[in-house]
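I opened a new notebook page for this structure.

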Amino acid sequence: MQHGPAVRRRKLGAELRMLRARAGLTSGDAARLVGWHQSKVSRIETGASGAKPADVRLLLDAYGVTDPQLRELLLMLAGTGGAHGRDHWWHAYRGVLPPTYRDFISLESQASAMRTLETSVVPGLLQTPEYARAVTRAAVEGLDEDRLDALVEVRLARQDVLRAQRPLVLSAVLDEAVLHREVGGPEVMARQLERLVEAARLPQVRLQVLPFAAGAHIGITGPFVIFSFPRTSDLDVVVLDHLTSSLYLERKEDVEAYTEAFNALRVRALSPEDSLDYLAGTAAGA
């Protein structure tokens, strides 16, 4: 269980170590080829330190790696920017965002798909400005208006991943309670429900409502997010939120367990078509 960037460093290091071995080189050989000390190669391969994109290019050239897709993937892990063409925009909010939130946004910006179970609130990528403000004010006590404005601005900026040229594919299972918890008052909630109806019609968004009638289910232990990345499942990460921190699960067996749980929840939930009808009916009655 690690922070998001540590997950990517470990994955990048493991890939570079495998490519070096495949090229028949020792870490000392690699260091000599690129003009480094051997310890730098070792630190990168173990994930103890990060690697700049320029460093990764040097190593890939030394190892004779020419596959453009593989190079792009490894450079993405080194932090060349998000899969949606927006390069680290959240750094402008470094003084406002806690590290775990920056980690989450970093993963979200690089992921190709996101699966999420939400049991209390609408997913951040689908929140209206007014709903986001009400949720943020409730979740973080003692916020002054300037910081509240900044956090809401970040929440809305994150939503650009759904409008990118290569948009994030979002699959969300929403507990029915999400639709009936009156966040921000009746008018705010009415607009939020309309927003969910609009989102459910987008080709890159799949919304399913998990009705109260489904009874107890595997998701009652709490919400979670699964991020998937282009071209490989080896990089998938599960994110669990707690009151003061977030946990990142990268072990294959953990990712598989949460993937199976999400698939089971989708079976228990209303179909996307029936969910859209339910959302539209709920919005009309709000």
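I count a salt bridge when a side-chain nitrogen of Lys or Arg lies within 4 Å of a carboxyl oxygen of Asp or Glu. By that rule I find 14 salt bridges in the structure. I note that this is a predicted model, where local features need pLDDT of at least 70, side-chain atom pairs count only at pLDDT 80 or more, and totals for chains, interfaces and linings use all residues. Residues are numbered from 1 along each chain as its sequence is written, and side-chain values use heavy atoms, with hydrogens and water left out.

Entry: I looked up arginine 32. Its salt bridge partner is aspartate 29, with the closest N and O atoms 2.5 Å apart. Both sit in helix α2 (residues 27-34), three residues apart, about one turn of the helix. For helices I use DSSP runs of H or I, at least four residues; strands are runs of E, at least two, and both are numbered from the N terminus. Next I checked cover, where buried means under 20% relative accessible area, exposed over 50%, and partly exposed in between (1.4 Å probe, protein chains only). Arginine 32 counts as exposed because its relative accessibility is 61%. Aspartate 29, at 22%, is partly exposed.

**Entry: a buried pair.** Are glutamate 108 and arginine 158 buried or exposed? Both are buried. Their side chains form a salt bridge of 2.8 Å, N to O. Glutamate 108 belongs to helix α6 (residues 99-110) and arginine 158 to helix α8 (residues 145-158), so the pair ties together parts 50 residues apart in sequence.

Entry: I then turned to glutamate 145, which forms a salt bridge with arginine 133; the closest N and O atoms are 3.6 Å apart. Glutamate 145 is in helix α8 and arginine 133 in helix α7 (residues 129-139), 12 residues apart. Glutamate 145 is partly exposed at 42%. Arginine 133 is partly exposed at 26%. Salt bridges with shared partners join Arg133, Arg137, Glu145 and Asp149 into one network.

**Entry: the whole chain.** I listed 12 helices and six strands in the protein chain. Buried residues are 52% of its 286 residues. I also looked at contacts, meaning heavy atoms within 4.5 Å. Of those between residues at least 6 apart in sequence, 72% join residues at least 24 apart. Along the principal axes, the C-alpha atoms fill a box of roughly 70 × 45 × 35 Å.
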